[in-house]
Amino acid sequence: MILPIYLYGNPVLRKVTQKVKPDYANLAELIDNMFETMNHAEGVGLAAPQVGLDLQLFVVDSSKFKDKDPSIKNHKRVFINPHIVEEWGEPWSYSEGCLSIPYLYGDVTRKAELRLRYQDEHFQEKTETFDGFFARVIQHEYDHLQGKLFIDYLPLLQRNLIGKKLERMMTEGKYEVDYPAHFLHKK
Ligand code: NI
């Protein structure tokens, strides 16, 4: 089932998320729905707050970017209760976007490698090292779980400019997206 994506301005995107418990009802279904929602919207990653849930869960499907990361074998991944243990390596910049902030992009500088402790969809505890494009996607999605968005990294001037654009989109209801979304029109 395709879920509506919560857009910028919705408070759930700024919440610090809760741990997912192994007995969370219909977790497998939620994960399936998140993959379906992400693929339909042509995203590379999707975090639970983007479907309105303040949970420590995100999914990644980087198959579309195979060429960027030939070393990655398994592109479709589930990350539950993740914790970045360490980040290191030469910081690099990349133009990021977000399904919750349609049409807007900005260069974000992040460290190149990270070690992540997490649980997979079977609640198996794992610790793994990521680099390249895959690490970038993980960092972006991980931020969502802390209530953080990529625009927070932009220089103040650019952030204000984007903020104004977003504000205008919201108040004028000009958010047009190709996927089901939760709009937030300010009155
Ligand atoms: Ni995002």
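Here is a walk through this predicted model, from its metal site to its cores and rings. Because the model is predicted, local features are kept at pLDDT of at least 70 and side-chain atom pairs at pLDDT 80 or more, while totals for chains, interfaces and linings use all residues. Residues are numbered from 1 along each chain as its sequence is written, and side-chain values use heavy atoms, with hydrogens and water left out.

Let's begin at the metal. Which residues coordinate the nickel ion? They are Cys 98 through SG, His 140 through NE2 and His 144 through NE2, at 2.1 to 2.3 Å. Donors here are N, O and S atoms within 2.8 Å of the metal (3.2 Å for Na, K and Ca), and since water is not among the atoms, sites may look incomplete. Along the chain, the donors of the nickel ion are spaced as C-x41-H-x3-H. Cys 98, in strand E5 (residues 92–98), and His 144, in helix H2 (residues 132–145), are 46 residues apart, and this pair links distant parts of the chain. Helices (H or I, at least four residues) and strands (E, at least two) are DSSP runs numbered from the N terminus. Cys 98 counts as buried because its relative accessibility is 10%, and His 144 is buried at 1%. The scale is this: buried means under 20% relative accessible area, exposed over 50%, and partly exposed in between (1.4 Å probe, protein chains only).

Next, the interior. A nonpolar core is a set of buried Ala, Val, Leu, Ile, Met, Phe, Trp, Tyr and Cys residues joined through side-chain atoms within 4.5 Å. The largest such core has 23 residues, of which Ile 31, Met 34, Leu 46, Leu 57 and Val 59 touch the most other members. Helix H1 (27–40), strand E3 (57–61) and strand E4 (76–88) each supply at least two residues of this core, with H1 giving the most, six. Apart from it lies another core of 17 residues, among them Val 44, Ala 47, Phe 130 and Leu 145.

H1 itself deserves a look. This helix has 14 residues and reaches 20 Å from its first C-alpha to its last, close to the 20 Å expected at 1.5 Å a residue; the expected span is 1.5 Å times one less than the number of residues. Its buried residues include Leu 27, Ile 31, Asn 33 and Met 38. The buried residues of H1 pack against strand E1 (5–6), strand E2 (45–47), E3 and E4. After H1 comes Glu 42, with a positive phi near 60 degrees.

Now follow Phe 58 in strand E3. Is Phe 58 buried or exposed? With a relative accessible area of 0%, Phe 58 is buried. Beyond four places in sequence, its contacts (heavy atoms within 4.5 Å) include Met 34, Leu 46, Phe 79 and Tyr 142. Ring pairs also link Phe 58, Phe 79, Tyr 118, Phe 130 and Phe 134 into a cluster. Rings of Phe, Tyr and Trp (its six-membered ring) pair if their centres lie within 6.5 Å; planes under 30 degrees apart count as stacked, over 60 as edge-to-face and the rest as tilted. The structure holds six aromatic pairs.
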